[in-house]
Amino acid sequence: MDTRKKILEVKDLKISFKTDGGTVKAIRGVNLALHQGETIAIVGESGSGKSVTTKAIMGILAGNGSIDGGQILYRWTDENSGEEKEVDLVKVDESFMQKEIRGRKIAMVFQDPMTSLNPTMTIGNQIMEPMIHHYGISKDEAYKKAVELLDLVGITDPERRMPTYPHQHSGGMRQRVVIAIALACDPYVMICDEPTTALDVTIQAKFLELVQDIQKKKNLSVIYITHDLGVVAKVADYVNVMYAGKIVETGTIDEIFYDPRHPYTWGLLSAMPDLDTDDDELYTIPGTPPNLAHEVKGDAFAPRNQFALNIDLRVEPPMFDVEGSETHKVASWLMHPKAPKIEMPKELKHRLEKMKEAAK
Amino acid sequence: MAQEPILVVKDLKQYFKVSRSFTVKAVDGISFDIMPGETYGLVGESGSGKSTTGRSIIRLYKPTAGQITFNGKDISGKMSKESIKELRTHMQMIFQDPMACLNPRKKVVDIIGEGLDIHHAYSSMEERNEKVYQMLELVGLSREFATRYPHQFSGGQRQRIGIARALIMNPDLIIADEAISALDVSIQAQVVNLMKKIQKEMGVAILFIAHDLSMVKYISDRIGVLHLGHLVEAGTSDEIFANPIHPYTKSLLSAIPHPNPRVEKTRKSFTYDKKAEGIDYTVGTQHFVSDTHYVLATDEEFEKWTK
């Protein structure tokens, strides 16, 4: 495990947005780490700050947003000199981001392929554009590489597809084109923001398998943002559960799915029906996420948490390490050695048992 | 089955003429029926004709051919103004995007009460508002919300307003077109619970259109699988999930991601290629599998798949 190379690290990131209703503290101290060739997933409800975090990494925050603190460290080996380099993406200026990072080292795939493609440009030109812009290669070279990329993302007959327009393709095909564009400059990190929400199940499965395949071929690191735990189970190595602008639980995929510790993770896992669910009622997390325009006192999840302790309402819990694991961390006072022993809900426990059974 | 079905769809066809030489056969001869108080799930990929079916049934489109019988009355041919009016009160629809289907310039009380206004179903304003308040409470919103506007609500709450609007006419059938697809997992569960609860209380039948199979299995009594405008397989949810016959159904089922990483990591989804398998839906006939389980196939295909 020592050979794992940390490629991207987010340290104590804080982001706020100025709105008419006051300052919204959307991100309140997020820590993330991404290693080369690995996949991490960020899960959480809408409004928990998943997308904002990744937008900050790409340097495409909305105009009223500002980074109030923290670091986003990106490490890479320089192609020419071979020396190790590190930059803090929070501090660099816009032109450096555009020239060096965005699209070239970190690429992004958005939710809706129709709105992220230019309807007036052929898909061929859209794939060639970033290569010509970033690397200044000739049109012929770019064309050759674009055809290769289309082939890589599983589009048949690539040369005939080059001069077509986005509207001539189905949703799944368009999303493949978007990936081809993202891969055009051989990035090291790919961020997929709800990449399959607009696709239906059969195409979703194909899309995820395609990304896994490319990842293996190119040793790419991928960040998935999603609220679909089925997708997470399929692709991720590490999972970060996010709530109200903070990571509340982080760990390997096995730790999060088979040994969840945070009540919010319990809720997320319980709320999703699997094919064996036949209870009369699905579990729901009561209440709604907090309004981050107001200051959050104590644990943000406490008002919705049936296991909340007194201290949860007053003091924000730090990240506790789970015993016997280097990767599993939980932000909940329930993990404090002096906290009362609280077990996860019976139904969930039963389900996890069944899952472990099925995995054997 | 002594009960009469509330809705019978027989050989429904819905074509869209794109140009003189090209017609899209969005729905091409499907038949199914829904019992009172039952939930019927329609599943299929995008473009399979699920939504078109729902929209044809509620007469947002005029069906090209086929017969739809609702409450014993034919609603597929030419209809008088009165019968359309009656249809509109007894059948209601819940849409996918709760932001797009609520008028942003109207207060919630007027959105929910609009059906009552149109059909003059009250004698005084107090009576109307009281009915709206009851509906709000039924869907788990408090009556103070009545004077607010749609943008002041979260996605889940907006979908509740959409449900309240559909329920206020006391319908016999609700068509829920991807009603939960746009919502978060935990909110999805809330809305599904609400729909189940209301169904129990009011005995309304639901046509549930979705592409999320695990949700459909959970909520539906019976399921129809649509592909390219054909109903390729139909049966109770247990029959379909325990014993899928049609390769398209199998591919759909295999594509569902399981929230179980150790299983999921090693699983490969099963792809279905209609052309490669040489399946022509138009020549197939409905084959009986068991009880209520039917599959669309030719005799040879049926034999091959059931082996």
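1. Confidence. The predictor assigns the complex an ipTM of 0.72 and a pTM of 0.82. For chain B the average pLDDT is 86, and 99% of the residues score at least 70. Among the elements of chain B, strand E8 (residues 205-209) has the highest mean pLDDT, 93, while helix H11 (residues 274-277) has the lowest, 74. Where pLDDT is low, the predicted coordinates should not be read in detail.

2. Overall form of chain A. Twelve helices and twelve strands make up the secondary structure elements of chain A. The C-alpha trace of chain A spans about 65 × 45 × 45 Å along its principal axes. A compact globule of 360 residues would have a radius of gyration near 21 Å, and the 21 Å of chain A therefore agrees with that expectation. Of the 360 residues in chain A, 45% are buried. Among contacts in chain A with a separation of 6 or more, 64% are between residues 24 or more positions apart.

3. Helix H11 of chain A. This helix covers residues 263-271, and nine of its nine residues are buried, so it is largely enclosed by the rest of the structure. The buried residues of H11(A) include Tyr264(A), Trp266(A), Leu268(A) and Leu269(A), together with Gly267(A) and Ser270(A).

4. Backbone at Ala244(A). Phi of this residue is near 50°, a positive value in a residue other than glycine. Ala244(A) belongs to the loop that links strand E9 (238-243) and strand E10 (246-252) of chain A. Ala244(A) counts as buried because it has 23 C-beta neighbours inside 10 Å, the cut-off for a buried residue being 20 or more.

5. Helix H1 of chain B and the residue Arg59(B). Seven of the eight residues of H1(B) are buried, so this helix is largely enclosed by the rest of the structure. Among them are Lys50(B), Ser51(B), Thr52(B), Thr53(B) and Ile57(B). H1(B) is followed by Arg59(B), whose phi is positive, near 65°. Arg59(B) is not a glycine, and its place is in the loop between helix H1 (50-57) and strand E4 (65-70) of chain B. With 18 other C-beta atoms within 10 Å, Arg59(B) is partly exposed.

6. Sheet of chain B. Eight strands form an open sheet with mixed pairing, in the order E6-E7-E8-E3-E9-E10-E12-E11. Strand E6 (91-94) and strand E11 (285-290) of chain B stand at the edges with a single partner strand each, so one side of each is left without a neighbour in the sheet. On average, neighbouring strands of this sheet are turned by 20° against each other, direction ignored. Strand E7 (residues 173-177) of chain B and E8(B) run parallel and are joined by five bridges. Within this pair, Ile175(B) has Leu207(B) of E8(B) as its bridge partner. E8(B) is also the element of chain B with the highest mean pLDDT.

7. Contact between the chains. Chain A contributes 36 residues to the contact, and chain B contributes 31 residues. On the side of chain B that touches chain A, helix H6 (185-202), helix H7 (213-219), helix H9 (247-255) and helix H10 (261-266) each supply at least two residues. H6(B) gives the most to this side, with six residues. By class, the side of chain B that touches chain A has 14 nonpolar, eleven polar and six charged residues.

Methods. Residues are numbered from 1 along each chain as its sequence is written. Chains are lettered from A and ligands numbered from 1 in the order in which they are written. This is a predicted model: local features need pLDDT of at least 70, side-chain atom pairs count only at pLDDT 80 or more; totals for chains, interfaces and linings use all residues. Helices (H or I, at least four residues) and strands (E, at least two) are DSSP runs, numbered from the N terminus. A residue is buried if 20 or more other C-beta atoms lie within 10 Å of its own, exposed if 12 or fewer, and partly exposed in between; C-beta atoms are placed from the backbone. pLDDT is the predictor's confidence in each residue, from 0 to 100. Two residues are in contact if their C-beta atoms, placed from the backbone, lie within 7 Å. Ala, Val, Leu, Ile, Met, Phe, Trp, Tyr, Cys and Pro count as nonpolar, Asp, Glu, Lys and Arg as charged, and the others, Gly among them, as polar. The radius of gyration is taken over C-alpha atoms; the globule rule is 2.2 Å times the number of residues to the power 0.38. Two strands pair if DSSP finds at least two bridges between them. Axes are lines fitted to C-alpha atoms, for helices over the stretch in contact, and angles run from 0 to 180 degrees between N-to-C directions.
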